[in-house]
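Subject: Model for your review

Dear colleague,

I would be glad if you read the notes with the structure open beside them.

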Amino acid sequence: MLTKVMQSAIQHYRKNPSSQTIPIYSFDKDLPVRQIGWGGWTTAFEYDDGTGMPTVLLSVRKTGTNPDKTKDLLVKLNEQGYRPHIPIIEKLDQFTKKGSETRALYKMPLYDVYAYNDVTDLLVEAKEDVYLTSDEKIGGAVYAGKIYRKKYLEYLKTFIDPNNQGLEQLPSVIEDLQALSNLADKDEDTSYVWDFEYHNLAMDNENKVILLDVLING
Ligand SMILES: Nc1ncnc2c1ncn2[C@@H]1O[C@H](COP(=O)(O)OP(=O)(O)O)[C@@H](O)[C@H]1O
Ligand SMILES: [Mg+2]
């Protein structure tokens, strides 16, 4: 069931699809909303629906140059079953006002985007070491994306070490990345590459690594 704050947000976005902020005062004063982040596609708002469990509402651009396709991959993975490192995400709505852009609204738990550990360090730092050869780039962007994702995962696997406590979560993180990559492979019209940056990685309240927004579509 949608909470009051989300119904209000959806109404707001239906009226103002290109709006980048939710007017806080249109909500019940007990349901504070504040913008906590943004990226090239998404504006993220945190709110507390009164349960004491902060939740995040994402407004995601679905039109214009290079509209987002990655959040729907995460939703699909959620529908297939629980994966420890895939963010819990639900799609609430998608709409276009005539002549305006299409936005979609998603709901997620609040994760800690400032937390990091040896696994997140590895994911981010591996960027320095994984490259495509000029031959691998010849087949076009979709193919190059596929190869890049595969090479990255193969490189990460070389760090799996049962004696390394700091990298304890690495095998299950790689499994979830592989599942995400497999879904991306099924979309043969779109190029997807890894986007491992600290602001796209997070942790949940059990210190599990969360792959918040690790794919970019081109
Ligand atoms: N569930 C969440 N918990 C905490 N912060 C979030 C959450 N979702 C998004 N954010 C913040 O919003 C930013 C933008 O979200 P993101 O999904 O990365 O957007 P984009 O697709 O535009 O890159 C993130 O970098 C993060 O700082
Ligand atoms: Mg991002």
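Axes here are lines fitted to C-alpha atoms, for helices over the stretch in contact, and angles run from 0 to 180 degrees between N-to-C directions; helices (H or I, at least four residues) are DSSP runs numbered from the N terminus. This is a predicted model, in which local features need pLDDT of at least 70 and side-chain atom pairs count only at pLDDT 80 or more, while totals for chains, interfaces and linings use all residues. Residues are numbered from 1 along each chain as its sequence is written, and chains are lettered from A and ligands numbered from 1 in the order in which they are written.

Helix α5 (residues 141-157) packs against helix α6 (residues 170-186) at about 170°, the axes lying 11 Å apart, which means that α5 is roughly antiparallel to α6 (an angle over 145 degrees). On the α5 side the contact (C-beta atoms, placed from the backbone, within 7 Å) involves Lys146, Arg149, Leu153, Leu156 and Lys157, and α6 contributes residues including Leu170, Ile174 and Leu177.

Helix α2 (residues 70-80) also packs with α6, at an angle of about 115° and with axes 10 Å apart. Here Leu73, Lys76 and Leu77 of α2 meet Ala179, Leu180, Leu183 and Ala184 of α6.

As for confidence, pLDDT (the predictor's confidence in each residue, from 0 to 100) averages 88 over the protein, with 84% of the residues scoring at least 70. Over residues 24-31, however, pLDDT stays under 50.

Methods:
Helix = DSSP H or I, 4+ residues; strand = E, 2+ residues; numbered from the N terminus. Parallel < 35°, antiparallel > 145°, perpendicular 65-115°, else oblique. Contact = placed C-beta atoms within 7 Å.
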